[in-house]
Amino acid sequence: MAVVWQCQAVNSTSSAGAVRQGSLRELNLAVVLRRIAAADRPPSRAEIAAGTGLTRATVSAVVDDLIAGRLVAEAEPAPRTGAGRPARGLVLAGDGPAGLGLEVNVDYVAACVVDLTGTVRHHLVRRADLRPVPPADALDRLATLAAEARAAAVRDGLTVAGAALAVPGLVGDGGLVRLAPNLGWRDVNVPALLAGHPLAAPVDGIPPLVVDNEANLAALGELHAGPPGSASFLHITGEIGIGAGIVLDGVLYRGARGWSGEIGHIPVQPQGRPCRCGGRGCLERYAGQEAILAAAGLAGADLPADTAATRLADLAGAGDPAALAALADAGTALGVAVSGVVNLLDLDTVVLGGGYAPLAPWLRPPVVEEISRRVLTAAWSPVTVRPAALGARSAAVGGAASVIRRIVERPVGWLAHSSTSGSTARCTTASPC
Ligand SMILES: [Zn+2]
């Protein structure tokens, strides 16, 4: 009798019951998908049930939904080792949603597509000096490249579910770029300027475009693509400007107003060279790309950012004394600034990213030396200094990966889009969703 009464009670408050049912399904979808995403090896339905506390019937129903929505696929079966059929493991699907990562920088625009498995499917770069170009024109060039990347994704059967744009500057609410000094941008409303360029399919819960600081997105890229290890690290992007992403306990620390990480403007010589920011002796004036090139005798060589780092690496590798001295001095300045950050935040890893990644063999030793000299705890608790796993691509890849993470955190929005896009749920070149 009690069971019947309970059923009647739920039915009598049908709208609240429906909401609860919807929330429960949403929660279960997320729990199961996260479990599959985090697994070291493809888990079976039974293993997911055991690990989550859900019933096997619930897990099976949820997995069926995830497979139908192209979020999950069955892995190849393991070889038979005894009687009975081996259980099929589950993996993230590589033919469903994708993230679009975009980057606008001083001398290039970039676009990349990352699928749900984290694989970079396409990475396009177009070089041009964007400093004399008005922001609207620079963003038009970016939109053209983004359209090419999206078309390439569609040809692969993928659907771009959201985009994230990395910019070398301070980003305020709503994607307003308050200041990007090296691009000469001030108060540029990026989403408004890109409004005429559709970047992604409309998916509930996933913004079509997020604008973020390049160092933040690069740090997020490293967090998810880098080698397992520290969850508290500093990721430094060394270009013409120098930015840092601070990750504490696996979470990006943005600061009270979202503007943390301006390591390039930490003074390393208080009465030193004047800086674009109005201060003096900032790190950027000693370890930024222009400073290193000038010290290496390459000022005015007009090298694009990535080419400049490769050229410096080639010269240093060949033993060029000026390049070696320039990198040693830059590494020392970097080490001074980094030591202050490590002393303050107790980080155990420093990642050299962006243009610093190919220069890490020469920058690392002086950085380590300064840390050993200046970080109080370094003697018994060493700090790892290593190049970024994603190298110079990390900001765009990190942006795309941030879209993917949103889908894994809340798959119900994608599933709703997938089910209303038709039974095939696939975009085509003629109809890119
Ligand atoms: Zn400065």
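In this predicted model, Arg121 and Asp115 form a salt bridge. Their closest N and O atoms lie 2.9 Å apart. Asp115 is buried, because its relative accessible area is 3% and the limit for a buried residue is under 20%. Arg121 has a relative accessibility of 28%, so it counts as partly exposed.

The count of salt bridges comes to 19. Another of them joins Glu74 to Arg45, with 3.1 Å between the closest N and O atoms. This pair links distant parts of the chain, 29 residues apart. Glu74 belongs to strand β1 (residues 72-74), and Arg45 belongs to helix α3 (residues 45-52). Glu74 is partly exposed, at 34% relative accessible area. Arg45 is also partly exposed, at 22%. Salt bridges also join into a network, which links Asp129, Arg131, Arg276, Glu284 and Glu290.

Arg178 and Asp187 form a further salt bridge, and their closest N and O atoms are 3.3 Å apart. Arg178 is partly exposed, with a relative accessible area of 39%. Asp187 is partly exposed too, with 44%.

The strands β7, β8 and β9 make up an open sheet. They follow the order β7-β8-β9, and the pairing is antiparallel. β7 (170-171) and β9 (185-189) each have a single partner strand, so they stand at the edges, and one side of each is left without a neighbour in the sheet. Strand β8 (residues 176-180) pairs with β7 over 2 bridges. Within this part of the sheet, Val171 stands opposite Val177 in β8.

The largest nonpolar core holds 42 residues. Leu234, Ile236, Ile263, Leu283, Val338 and Tyr356 touch the most other members. Several elements give two or more residues to this core, including the strands β11 (233-238), β12 (242-248) and β14 (349-354). Among the helices that do so are α10 (305-317), α11 (321-345) and α12 (360-374). The largest share, 10 residues, comes from α11.

Ile263 shows how parts of the chain meet. Neighbours within four places in sequence are left aside here. Ile263 is then in contact with Leu234, Ile236, Ile242, Gly243, Ala244, Leu283, Ala337, Val338 and Val341. Another core, of 34 residues, lies apart from the largest one. Among its members are Leu102, Ala111, Val171 and Leu209.

Technical notes:
Residues numbered from 1 in each chain as written. Predicted model: local features only at pLDDT ≥ 70, side-chain atom pairs only at ≥ 80, totals over all residues. Heavy atoms only, no water. Core = buried A, V, L, I, M, F, W, Y, C linked by side-chain atoms within 4.5 Å. Buried < 20%, exposed > 50% of the residue type's maximum accessible area, 1.4 Å probe, protein only. Helix = DSSP H or I, 4+ residues; strand = E, 2+ residues; numbered from the N terminus. Contact = heavy atoms within 4.5 Å. Pairing = 2+ DSSP bridges. Salt bridge = Lys/Arg side-chain N within 4 Å of Asp/Glu carboxyl O.
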